[in-house]
Structures are given as structure tokens and as C-alpha cells.
Amino acid sequence: MVSAASALLLARFQFAFTVGVHIVFPAFSIGLAAYLAVLEGLWLRTDKQVYLDLYRYWIKIFSVVFGMGVVSGLVMSYEFGTNWSVFSQKAGPITGVLLSYEVMTAFFLEAGFLGVMLFGMNKVGRGLHFAATCCVSVGTLISMTWILASNSWMQTPAGYSIDPATGRFMPEDWLAIIFNPSFPYRLVHMGMAAFLSVAFIIGGTAAWHMMRDRRKGLPISQPVKVMFSMAMWMATIVAPLQILAGDAHGLNTLKHQPVKIAALEGDWETESRAPEILFGIPNMKTEHTDYAIKLPFAGSLILTHSLDGKVPGMKDFPADQRPPSPIIFFTFRIMIALGMLMAATGFLSLYMRWRGRLFTSPLLHRMALVMAPSGFLALLCGWVTTEVGRQPWTVYGLLRTADSVSPIMLPSMAISMTAFVVVYVIVFGTGIGILLRMLSRQPEEGEHDLSEQGTASVLGTRSHPETVLSSPDHGA
Amino acid sequence: MSGAAYWLPVIWTVILAAAILIYVILDGFDLGIGMLFAVERDQGRRDVMVNTVAPVWDGNETWMILGGATLYGVFPGAYATLLPALYLPILLMVLALIFRGVAFEFRIMTRDSGRSGLWDIAFMGGSATAAFCQGAILGGVIQGVSVTKGAFNGGPLDWLTPFSILCGLSVMCGYALLGACWLVWRTTGVLEASCRHWARRLAIGLFVGIVAVSLWTPMLHEPYLVRWTDWPNILFVAPVPVLVILLAFLFVRGLQREHPVAPFLCALGWFFLCFTGLGISIFPYMVPPSLTLWDVSSPPSSQAFQLVGTAILLPIILTYTVYSYRVFRGKVTEADAYH
């Protein structure tokens, strides 16, 4: 029994680790592909060199990010079967089909046009190339839609029946399965999270270059200015919208998964006029949140939008159905704090823009630099909150996590866990190192295309002109 | 068994087999190119080898994800028994594919830090390991998996047998052959000539592998033997070995006359025939020797819904895959640096 419990724990930790690494790259791809489509569209429309420069700068980042997303995603498509075979067997008729639709409608579209997008500028002409960029961008959005439909179905299952003989989930109504109650909220919230994460990476990169140029007494280049301005518009507009979307998602969760809300709020008793616990340490054993600092009425106000609204407590639910409050209480608060700071950055940039100091304010640039990873951190914290908050279930209220795991021996699970950690540290550590070095190089005026540069030029040095000239006629 | 419950799994078996075959062929030459790094040390020529597939490898690997997802959605019973049974080779394969996949970018981008040689090794080692594991997985499926009440109940090393190792080595040899033939078609000069040389040797290796696996497979389980030797079955299955030998003649002639694509097409033909042969052996089992394709199927409501999408989407996918290959057609030389 000890070994089975350890195997379950390892399986859970392995899934959390591999998907936690993976989730960053698709989110990066979603935001960056859309940004690239906008840049190329602006270039085609205005014919301004600066948009092409930025396109060529960010597409190099995109090629690395996308590759890491593909390989870390491949792991996921087999991990359900290797580690969660009982879940796969029972829920596969629904979640497996949704995943297949994701592969067919999104992965192929992205991969099929990625080659043209990365290397085809000189081969297919501007219009077709723009179409390829748009296909890749649309592909990332379609991909997000399917995987969130599947994820949301696990949170708020609908449109199914359960086969009494085998315990399998049988699809009855595919529209109800896809458009399950939490899906629209999750889709909007995750989509905006991806866009914000990338906007803050772009804004932070630009801020770093502006701070460095200012220290060296150099003028700030046009591409850096344009990308900073675009990123800050995104922060100004989307960060407040994201707070509204998060609020709506929270209300939806309160309706469908009240114990998750109780756990992430650290509330034990059901109360009207509930306070909001700003800080505390929830204790699952004593059923109490220690050292709580409370803000009167705020809990009811936030969760029900009225001062005397009823807010659930964990004691209303059996102990074996409560998610681990000490984890999600904190991840939820970190996410909220980062969200507020992102909105604050947006407002600060708006003020500086109005005062004409968008490209000169050291305060704004320092803030934008510090906030560069905030989008991804918030995204990860939000993901932990919703997924750990789903515990102890894989399919909410219907299939327990403990009953979902494969009959895998502890040694196999331990070997694979070790292997994943070692490989991921090497591979994704190197990848992030490469990305940081690429970002530390400024976008140049007259930036080179991926298809026309020599091998070393990605990191700075220019290629030889003959390489540039020899490529366009190839294969025509 | 009623109509839909009988036919849907059969249709899906054909689609799944097609998806796996497309994967094997497309990523086969990618992985083969990785393994051929072992016999090509020149950095410029290695770059050319990688550049012949750099624009398309993502798409090629997507077929493997489709295979996994299809198994998951359409044959969850097989997904939930084969994957735990083949846990270690699958783990090793995905880790190898991670190294292989990121090495496309990393081997170029670490060049100024002096560590790019390590990523060349990762590209080569990842390709070789992934190829071996895919063969071993295939062998593990054919030789059968121990199942009780629809769940795997064997040990973590059940898959590791002389037969699965033979399959692993044969697939390595076959992929390297595909890679060599692909490079004969897509490159010029020294590289083209050296690949022609290696293609001949690898073909001999693959041929030996095919003969050994073909003779061994029927000995594994009684039904396999019956399938290949009983009258009138033999009438339907006899063309498979005959065509293998016919292709061998065409292959040798293609190499001798320095035909650009004939060797590649013959190598593809071999893969198609071997795959068909293995399919003939194990049909109708999806998890030999106990679970048939009907035993492991998801309900008709799942299979039908997915079939509608597949019928519409698969032709579209194939169309733009062909388009993207056409954009990058023609010989690749050291002058075109995609990276």
C-alpha cells in the first residue's frame, strides 16, 4: 500500500512537473504568433521597415519556443496512457477524442505552415507568407480551444453518461461536452493570460534595451520604441480586462465547484457577510486558518458582489472531498497580486505616454523589466490553483485521482521521474539560456530573415552577402 | 455485433495504421538523417543534411502525436494497456525525441559558445535511440502483452526480448536507409555520393532484418503461423514477400543508374510491405494475444464523432503537407542556409 501511495504521488508530481514546463511554451506561442501576425499585417499595410525588423527579430525567438513546445507536448500525449491508464480508459472516449481534434485542427495547421513561416519568405511571396503566419497563429488559438474544452470538461463534466458495466464515460451530447459550463470562462481567461504573458516579455525586453542604451548614452532605436509602445498598450488594455474575466471565472467556479473557492479562500465556515482573508495559513488538520488577517465584508463582496452574500466554507464538505487549501490559498493570492501589478504597470505606462515620457521614464522601464516574467508566473499560479483545486478528482465529483493512476511499479515511476527532471533541466535550461541571449541582442534596423542568414547570425554576427543572394532562386 | 459497432473499429484500424505508416515514413528519414551524422563529420555537410528537413520535421513529428491521440480517443483500451506495458521504451523514446527535436535549433544557436558539438551528439544519439525504441515498441506489441481484466499485469521489462531487440535494430537500419535515400534525392556532390554508398550497405542490413523478423514472427504465436501458411490464406499473403524481392532488384538498379528518387521509393515500398505483413500477422488483435480491436474500442458515439472530423480534416492536412513539401523542393546545397 505504501508503494501504491508513493507511485500515485510520483505520478501526480511527474504530471505536474511535465505539464508545468510544457504550458509555458504553448502560451508563449499563442501570444507570440498573434503578435507576429499583427506585425506582418502592419508591415504589408504600411510598408514600414520597422515592422518587418520586429517580425524578423521575434520569429527567431518563436522558432525556438515553438520547438520546445512541440517536444514537451509530445510527452503529454503519451503520459496519459503510461501514468494515468485507468483515467485514459474511462475518460478517453471523451478527452481522447477532443485531443485528437486538437491534433487534426491545430497541430497540423501550425506545423504545416511553420516551415513556410520560418524559411519561406523568399519562396512564396508576401501575401502567401502572411497567410502562413496567420494559419500558424490561428492554429495556436484553435489548439488552446480544444485543450481547454477537454480540461474544462474534467472540471465541470457535462454531456456524458456512465456505462454501468465498465464505469466508462460515454459521450451523449458533444456540444454539451465541448461547451461545458466552465469552458467559456476558462478559454477567455487563459487566452488573455497568454497575450499578457507575451506582452510583458516583449515590454521587459524593450525596457532592458532602453535602460542599456541610456546608460551608454545611445539613442533608442525605432524597433525598440515600437515594441515597447505596443507591449504597453496591451498591458493597459488587457490587464484590467483580465481582472474582469478572472472575476467572472471565479463566480462560475463558486457555482460549480464551491469547495474549490472555499479552499482557495481559506474559509472553513459558511458565512454571510464573510470577510476576505488577506493572509493566513490554512491548516487542514485543525480545520482552521491560522494567523488570518481579515478584511470585513470583502469576501462576500468579491464572491457574490453583495455585502451579505453567502460564501461557502470547507466544513460544509466531507474531509475527503476538500482540495489542499494550503497550496491554492497561496498560488491564488500570488496570481491576484501579479494581476494587480500588471494592471498598475499598464496604468503607469498610460500616464507616462500622456506626459510624453514613455521612452524616457526610468521608473516605468524598471517596472516593465521587473514585471517581464510576471505574466508567466501568474499563469502558472492560476493553473496550479485550478488544477490542484480540482483535487481529489480527475473528473470532478466522478473519478478520483487515486483511482485514475496506472498499475505501474514504483521503480518505473521513480526512474521516469528522475529522467524527466534531469532531461528537462538540461534541455529547457539550455533553451531558456539561448532565449535570453537572443533577447539580449537588440532588434536591428534591417534585421535579417531566418532564411537568408548564415548560421551564426542568430546571435549577432551578420552572414556573408553571397549566402543572402544565393537563396531566393533556389527551388523555384 | 451490430453494424456500426463492428465497422467503426475496422475503419479506425485502417486510419490508425495509415497514420502510423505516414509517421514512420516521414519521421523515418528525419531520424535516419540524424543517425547518418555518425558517418558524416563535416559541419557544412551536416548542416545541409539538417536543412533538407528543417522546414518539415515539426509536421512529420505531428503524425506521432496523432497516433497517440487516436489511440487514446478511439482505442482507449489499447492505449491504457500498451503504454503501461511499454513504459520504459516509450519513456526513452520521448526523451530521445526531445533531444533530437531541440537539437535542430540548439546545434546552430550554441555554435558561438563551443558547445554545439554536444548538440550534434544529442541529435545523432536522440535519433538513434528513438529509432531503436520505436522498433522495440513494435516488437513488444507483436510478441504480446500480458493482460488481465483489460489491464496490463506484467513486469516493467517484459518487452525486452531478443525479438524486440532485433526489431529495434532493424528499424534503426531501415530509418538510416530512408535517410540515406532521401539525401541521395535532395543533395548534391560528395554528400550525395557518400549517401549512395551507405544506402547500399544499409539496404543489405535491412534485408537481413526483414528476413529474420519475417521468419521469427510466425513462431511467436500459433495464429500468426496459421495466417501465413494455411490455404487459402497463402494466396493473399504470398505477394508480400514476392514484392519485397522485386523491390530489391529495382533498388539495386536505381542505385547503379544513379536514379535520384528510385532508391527512396523502393525503401518506402519496403516499409509499406513490412507494415502490411505485420498487420496481416496480428489482425484482428490490437493488444496481442488477448484483446481484439473491438475489445479495446471506445463507444460508437466517440468513434463516429471523430470519424466525421477525420474524414474532412485528413484530406486537408495531406493537401497542405504536400504544399509545404513543394515549397521547399529541389536539391539543397551548402549555399542555402535555412538557419
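## Confidence of the model

The structure is a predicted model. For the complex, the predictor reports an ipTM of 0.89 and a pTM of 0.89. Chain B has a mean pLDDT of 89, and 99% of its residues reach 70 or more. Among the elements of chain B, the highest mean pLDDT, 95, belongs to H7(B), and the lowest, 78, to helix H10 (residues 233–237).

## Chain A as a whole

Chain A contains 15 helices and eight strands. Its C-alpha atoms occupy a box of roughly 70 × 50 × 40 Å along the principal axes. The radius of gyration of chain A is 24 Å, which agrees with the value near 23 Å that a compact globule of 476 residues would have.

Of the 476 residues in chain A, 53% count as buried. Among contacts in chain A with a separation of 6 or more, 74% are between residues 24 or more positions apart.

## Chain B as a whole

Chain B has 13 helices and four strands. A box of roughly 60 × 40 × 40 Å, taken along the principal axes, holds the C-alpha atoms of chain B. For 339 residues, a compact globule would have a radius of gyration near 20 Å, and the 20 Å of chain B agrees with this.

Buried residues make up 54% of the 339 residues of chain B. Residues 24 or more positions apart supply 79% of the contacts in chain B with a separation of 6 or more.

Helix H7 of chain B runs over residues 162–186 and has 25 residues. From its first C-alpha to its last, H7(B) reaches 36 Å, close to the 36 Å expected at 1.5 Å a residue. Because 21 of its 25 residues are buried, H7(B) is largely enclosed by the rest of the structure.

In soluble globular proteins, nonpolar side chains tend to be buried together. In this model the largest nonpolar core has 254 residues, and B:Leu177 and B:Ala180 are those with the most contacts inside it. Leaving aside residues up to four places away in sequence, B:Ala180 touches B:Gly32, B:Leu36, B:Cys195, B:Trp198, B:Ala199 and B:Leu202.

## The contact between the chains

The two chains meet through 65 residues of chain B, which are in contact with 68 residues of chain A. On the side of chain B that touches chain A, at least two residues each come from helix H3 (57–74), helix H4 (76–85), helix H5 (87–109), strand S2 (151–152) and helix H13 (300–327) of chain B. H5(B) provides the largest share of this side, 16 residues. By class, the side of chain B that touches chain A comprises 40 nonpolar, 17 polar and eight charged residues.

## A residue in helix H8 of chain A

A:Thr236 is located in helix H8 (residues 222–256) of chain A. A:Thr236 counts as partly exposed because it has 19 C-beta neighbours inside 10 Å, whereas a buried residue needs 20 or more.

Apart from residues up to four places away in sequence, A:Thr236 touches A:Gly346, A:Phe347, A:Ser349 and A:Leu350. A:Thr236 and A:Leu36 are 200 residues apart along the chain, and their C-alpha atoms are separated by 20 Å.

## Cis peptide bonds

In chain A, a cis peptide bond joins A:Gln391 and A:Pro392, with omega about 5°. A:Pro392 lies in the loop between helix H13 (374–388) and strand S7 (393–395) of chain A.

In chain B, the peptide bond from B:Pro288 to B:Pro289 is cis, and its omega is near 0°. The loop between strand S3 (285–287) and strand S4 (291–292) of chain B contains B:Pro289.

## Positive phi angles in chain A

A:Glu287, although not a glycine, has a positive phi of about 55°. This residue is in the loop between strand S4 (276–283) and strand S5 (288–295) of chain A. With 15 other C-beta atoms within 10 Å, A:Glu287 is partly exposed.

A:Tyr291 is a residue other than glycine with a positive phi, near 55°. A:Tyr291 belongs to strand S5 of chain A. A:Tyr291 counts as exposed because it has 8 C-beta neighbours inside 10 Å.

Methods
Residues are numbered from 1 along each chain as its sequence is written. Chains are lettered from A and ligands numbered from 1 in the order in which they are written. This is a predicted model: local features need pLDDT of at least 70, side-chain atom pairs count only at pLDDT 80 or more; totals for chains, interfaces and linings use all residues. Two residues are in contact if their C-beta atoms, placed from the backbone, lie within 7 Å. Ala, Val, Leu, Ile, Met, Phe, Trp, Tyr, Cys and Pro count as nonpolar, Asp, Glu, Lys and Arg as charged, and the others, Gly among them, as polar. The radius of gyration is taken over C-alpha atoms; the globule rule is 2.2 Å times the number of residues to the power 0.38. A residue is buried if 20 or more other C-beta atoms lie within 10 Å of its own, exposed if 12 or fewer, and partly exposed in between; C-beta atoms are placed from the backbone. The expected span of a helix is 1.5 Å times one less than its number of residues. A nonpolar core is a set of buried Ala, Val, Leu, Ile, Met, Phe, Trp, Tyr and Cys residues joined through C-beta atoms within 7 Å. pLDDT is the predictor's confidence in each residue, from 0 to 100.
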